[in-house]
Amino acid sequence: MTRPGPPPGSSFPARPGPPGGGSFPARPGPPVGARPGPPPDLGDDEPRHPAVDAAVRSIANAATLAPADQIAQYEAAYETLRETLATIDQT
């Protein structure tokens, strides 16, 4: 099956091509320091929850993993946070 072309004898405007010089402008990367660091130290007087602290640490540690492994780490942390927050809401 062939694709139909323009009718004989007609002209269509040319489509713009890539920029001259054969190269495209570089895509901007993330800003320097875009990754969040560990949570700030809240001091000893603030109530903390060990499961939430562990989940936050695992999210921070996931930055050093391969992207495929990061997904599993983020899903596990999400599940931990979801379960922990559900139990906190019930109390």
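Arg-82 counts as partly exposed because its relative accessibility is 43%; the classes are buried under 20% relative accessible area, exposed over 50%, and partly exposed in between, with a 1.4 Å probe and protein chains only. Glu-79, at 29% relative accessibility, is also partly exposed. Arg-82 forms a salt bridge with Glu-79, with 2.5 Å between the closest N and O atoms. A salt bridge here is a side-chain nitrogen of Lys or Arg within 4 Å of a carboxyl oxygen of Asp or Glu, and the count by this rule is 1.

The model is predicted: local features need pLDDT of at least 70 and side-chain atom pairs pLDDT 80 or more, while totals for chains, interfaces and linings use all residues. Residues are numbered from 1 along each chain as its sequence is written, and side-chain values use heavy atoms, leaving out hydrogens and water.

## Helix H2

Both Arg-82 and Glu-79 lie in helix H2 (residues 67–90), 3 residues apart, or about one turn of the helix. Helices are DSSP runs of H or I with at least four residues, numbered from the N terminus. An α-helix has 3.6 residues a turn, so residues three or four places apart point the same way.

## Packing against H1

Gln-70, Ala-77 and Thr-84 are the buried residues of H2, and they pack against helix H1 (50–62). Ile-59 is placed in H1 and is partly exposed, at 34% relative accessibility. Beyond its neighbours within four places in sequence, Ile-59 is in contact (heavy atoms within 4.5 Å) with Tyr-74, Ala-77 and Leu-81.

Key. Helix = DSSP H or I, 4+ residues; strand = E, 2+ residues; numbered from the N terminus.
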